[in-house]
Amino acid sequence: MQKMAIKLGYTCRAPATIANVFAGFDILGLALANLADEVRVSKIDSGVSISASIDLPLQPEKNTAGLPLLKIIEDFNLDFGFEVNLTKGIPLSAGLGGSAASSVGAVLAASAVLADEGLELSRSQQLAYALDGEAVASGSRHGDNVAACMYGGFTAYLHDDEFERVLDLPFPTTTALLIHPHFEVETKTSRGILRSEVDLNGMVRQQMRLLALIESHRDPELLSFACRDLLIEPQRSHLIPAFGTISEVATEHGALGFTISGAGPTMLALCNTQAEADNISSAIADLDLSYSYDVFFSDLPSSGAQIRRG
Ligand code: HSE
């Protein structure tokens, strides 16, 4: 009987994430339970070879998991390559951090392979490579999804020319109800429609919400004030038919806040409890929407990427 050679490798479970989180455009991220990509990376002789559970560009330079590994091979002058098997659990172009998850998963699983070879990547190197992967999909190195996926919980990705830090922030115990419409919105499109200038008064009111959200773990009464995005959501909500109606229904049924998850089209209702999330989900099901959708729930806060051998 012929024996199959099994290449040793590592698998990273990289969770879906909500980026922006109300007023934190391009800064805040929340990791989600129950929805993740699985990225397996093993060592091969050379190059980067990718297979995926769904139809995706498999050329490494056009793939969010592939490009960072090409850069690692080049930067460290490796005399071997990586095979990547992507099992996509996160829907594409959904606003659930799917591209960040594939990228983070590939970088962390490849890091584990490298550690076996005696080469340790720092957290900041891993973050930088994962951002390279995210940029393949979105055309921008914003780190809100990437940081939340890598670290878990509620994160802020802070960066400027010579400064970079991920903050691990406390978040009140809540439940996320996510409504994922069955159509795609490309992040590039959703970013392309944003005005580059902000109104001064609007900026001040948005900053108040951001601060209130950060403080809400100590004072949950702040949540009803905090859970608003006054700057970005009004510019994007037309991309999601019936957004206003769904938001009204969620709010009437007790949601702490309702907004677009990341660049959309998934919508987030932040709820006090699972029972409240169930109730809101039933009320939305009674609407006559022009599209079908999936519903996901997640306890918040939730953990970040996990690595296992195999
Ligand atoms: N902060 C990003 C945006 C998340 O809203 O465009 C999507 O990648």
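**Entry 1: strand β2.** I began with β2, which pairs with β4 in the antiparallel sense over 7 bridges. Two strands count as paired if DSSP finds at least two bridges between them. Helices (H or I, at least four residues) and strands (E, at least two) are DSSP runs, numbered from the N terminus. The model is a predicted one, in which local features need pLDDT of at least 70 and side-chain atom pairs count only at pLDDT 80 or more, while totals for chains, interfaces and linings use all residues. Residues are numbered from 1 along each chain as its sequence is written, and side-chain values use heavy atoms, with hydrogens and water left out.

I then looked up β1, which is joined to β2 by 10 bridges and runs antiparallel to it; here Cys-12 stands opposite Val-39 in β2. Strand β5 (residues 154–160) also pairs with β2, in the antiparallel sense over 3 bridges, and Ala-156 in β5 is the bridge partner of Leu-28. I noted that β2 is mostly covered, with 13 of its 17 residues buried. Buried means under 20% relative accessible area, exposed over 50%, and partly exposed in between (1.4 Å probe, protein chains only).

**Entry 2: an open sheet.** Next I traced an open sheet of 4 strands in the order β8-β9-β7-β10, with antiparallel pairing. Its edge strands are β8 (257–260) and β10, each of which pairs on one side only. Neighbouring strands of this sheet are turned by 20° against each other on average, direction ignored. For such angles, axes are lines fitted to C-alpha atoms, for helices over the stretch in contact, and angles run from 0 to 180 degrees between N-to-C directions.

Strand β7 (residues 174–181) pairs with β10 over 8 bridges in the antiparallel sense, and Leu-178 has Phe-296 in β10 as its bridge partner. Helix α9 (residues 243–252) packs on the sheet, touching β8 and β9 (267–271), and its direction makes about 155° with that of β8. Helix α10 (residues 274–285) also packs on the sheet, where it touches β7, β9 and β10; its direction makes about 165° with that of β10. Contact means heavy atoms within 4.5 Å.

**Entry 3: Ser-298.** Is Ser-298 buried or exposed? Ser-298 is buried, because its relative accessible area is 2%. This residue is found in strand β10 (residues 293–300). Its side chain reaches the backbone nitrogen of Ala-33 at 2.8 Å, a polar contact (a pair of N or O atoms within 3.5 Å; within protein, one must be able to donate a hydrogen and the other to accept it, and residues adjacent in sequence count only if both atoms are side-chain atoms). Leaving aside neighbours within four places in sequence, Ser-298 is in contact with Leu-32, Ala-33, Asn-34, Thr-174, Thr-175 and Ala-176.

**Entry 4: backbone angles.** Most residues other than glycine have a negative phi, and most peptide bonds are trans. I therefore looked up residues that depart from this pattern. Phe-22 has a positive phi of about 65° although it is not a glycine; it lies in the loop between β1 (9–19) and β2 (28–44). At 1% relative accessibility, Phe-22 counts as buried. Ser-93, also not a glycine, has a positive phi of about 45° and is found in the loop between β4 (81–87) and α2. Ser-93 counts as partly exposed, at 23% relative accessibility.

The peptide bond from Gly-264 to Pro-265 is cis, with omega near 5°, and Pro-265 has its place in the loop between β8 and β9. Another cis peptide bond joins Leu-300 and Pro-301, with omega about -10°. Pro-301 is found in the loop between β10 and β11 (306–309).
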